[in-house]
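Thanks for asking me to look this over. Here are my notes, point by point, to read with the model open beside you.

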Amino acid sequence: MNAPFKAFRLHSLDGAVTRKIESIQLDSLSPGNVIIKVAYSSINYKDALASKGLNNIVREWPRISGIDLTGIVVESLDSRFSPGDQVLVNGYGLGVDHDGGHAQYARVNADWAMKIPQGLTLLDAATIGVAGYTAGLSLDLMELNGLNPISGPILVTGATGGVATIAIDMLSKRGYQVTAMSGKPNEVEYLKNLGATEVIARISSESKFKPLEKAQWAGAIDSVGGSILSWITRVMQPGGVIAAFGNAGGAELETTVIPFILRGIRLIGINANSPMNIREKVWKKIANEYRPTHLKEIASIIGIEELSHYLDLTLAGKSKGRIVIDMSR
Ligand SMILES: NC(=O)c1ccc[n+]([C@@H]2O[C@H](COP(=O)([O-])OP(=O)(O)OC[C@H]3O[C@@H](n4cnc5c(N)ncnc54)[C@H](OP(=O)(O)O)[C@@H]3O)[C@@H](O)[C@H]2O)c1
């Protein structure tokens, strides 16, 4: 277990963050009681921000990025895991204040690892990743708040992104009518193939709106925040449910209480770093009734050498679907 392996590490010098693919050994990883041979990791928007030192996401350096991973346990000091177990890990500070998934090995706390639900491969679980978990958690909480496929159409924003592509896939499979909002006019066919019935252009961040606009959607899954989320609050049908988890377009939210008190809309905050009992429940649904059917079209599989390039594309809002890193390459 002392053989060197490849790791994508972020370093900070005088406030400037640099990225390096390095050869390291297990003893330089953050501590933990389970060692995992990483099969796949992925790129999430948070990784892209961290890789540039933005939003104060990483505060201790050097740091291996990667907020999610799937892999095989090779050593465990915890009785819940044995060598050979296929596991997934995300959240709990992985890739933020603990070395993450962008390396061929990871060492984590056993409390953070979950056995991959039956029926999902290591690649399926990595393609879904924290993004698909966020989509599944959104759907679960929206349905707990009364949403169902006959409530009306659902809006998904940032539609070509990681969370949104899986959300479109899951929603359409479940019988929802999905409107995808995207800033990429060339991806209309791609989004329709994933299950969107309609694709609309991203609204301008300069637009001005009345407290109530024409009521259009029964539900919304919002990756973007800022002016788009502000607009969404004004265009929900009575009783409409919004799942808000993203800030790809801004962190502010300017709205009024009018849609809340006249249309009874609900705004649900989504935090994917949820307790393990909720993860287990939602992942089981993702592996069964929510199971996405277009994972092959959603995943672009890359090697560690291409990671830096794809992090930049993600930060620029130019990536599409889920970028999955095959750690054996
Ligand atoms: N709360 C949580 O626990 C949680 C969990 C996962 C993700 N997130 C957040 O959710 C968001 C989406 O994550 P992701 O992994 O899906 O990201 P992603 O793959 O980078 O997708 C984000 C999408 O948003 C759109 N977009 C990008 N820049 C934009 C801008 N300036 N204005 C408007 N739209 C823009 C783009 O889609 P189009 O070009 O198609 O419009 C882009 O593909 C991020 O903010 C992420 O940090 C939060």
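1. Asp222 stands opposite Ala244 in strand E13. The two strands concerned, E12 (residues 217–222) and E13 (residues 236–244), run parallel and are joined by five bridges. Strands here are DSSP runs of at least two residues (E), helices are runs of at least four (H or I), and both are numbered from the N terminus. Two strands count as paired if DSSP finds at least two bridges between them. A word on the source: this is a predicted model, in which local features need pLDDT of at least 70 and side-chain atom pairs count only at pLDDT 80 or more, while totals for chains, interfaces and linings use all residues. Residues are numbered from 1 along each chain as its sequence is written, and side-chain values use heavy atoms, with hydrogens and water left out.

2. Stay with E13 for a moment. Together with E12 and helix H5 (residues 226–234), E13 makes a right-handed β-α-β unit; right-handed means that, with the strands pointing away from the viewer, the path from the first strand over the helix to the second runs clockwise. E13 also pairs with strand E14 (residues 266–269), in the parallel sense and over four bridges. There, Ile242 has Leu267 of E14 as its bridge partner.

3. Now for an antiparallel case. Three strands form an open sheet in the order E2-E1-E4, with antiparallel pairing. Strand E2 (16–24) and strand E4 (63–64) are at the edges with a single partner strand each, so one side of each has no neighbour in the sheet. Nine bridges hold strand E1 (residues 5–13) against E2, and Ser12 has Val17 in E2 as its bridge partner.

4. Which residues make the nonpolar surface patch of about 330 Å²? They are Val257, Ile261 and Leu262. Patch members have over 30% relative accessible area and no salt bridge; like charges are joined within 9 Å, and nonpolar side chains (Val, Leu, Ile, Met, Phe, Trp, Tyr) within 5 Å. Areas come from the Shrake-Rupley method with a 1.4 Å probe, and for residues only the protein chains shown count as cover. Leu262 lies in helix H6 (residues 258–262) and is exposed, at 61% relative accessible area. Buried means under 20%, exposed over 50%, and partly exposed in between (1.4 Å probe, protein chains only).

5. The structure holds 15 salt bridges, each a side-chain nitrogen of Lys or Arg within 4 Å of a carboxyl oxygen of Asp or Glu. One of them joins Arg174 to Glu143, with the closest N and O atoms 2.8 Å apart. This pair links distant parts of the chain, 31 residues apart: Arg174 is in the loop between helix H3 (162–173) and strand E10 (178–182), and Glu143 is in helix H2 (residues 122–144).

6. Another salt bridge is formed by Lys320 and Glu187, at 3.2 Å between the closest N and O atoms. These partners are 133 residues apart, with Lys320 in the loop between helix H9 (307–315) and strand E16 (322–326), and Glu187 in the loop between E10 and helix H4 (188–194). Lys320 is partly exposed at 30%, whereas Glu187 is buried at 18%.

7. Last, the record. An unreviewed UniProt entry annotates residues 19–325 as "domain: Enoyl reductase (ER)"; such annotations may be inferred rather than shown by experiment, and positions follow the numbering used here, with feature names shortened. Over that range the chain is 28% helix and 26% strand, with the end C-alpha atoms 16 Å apart.
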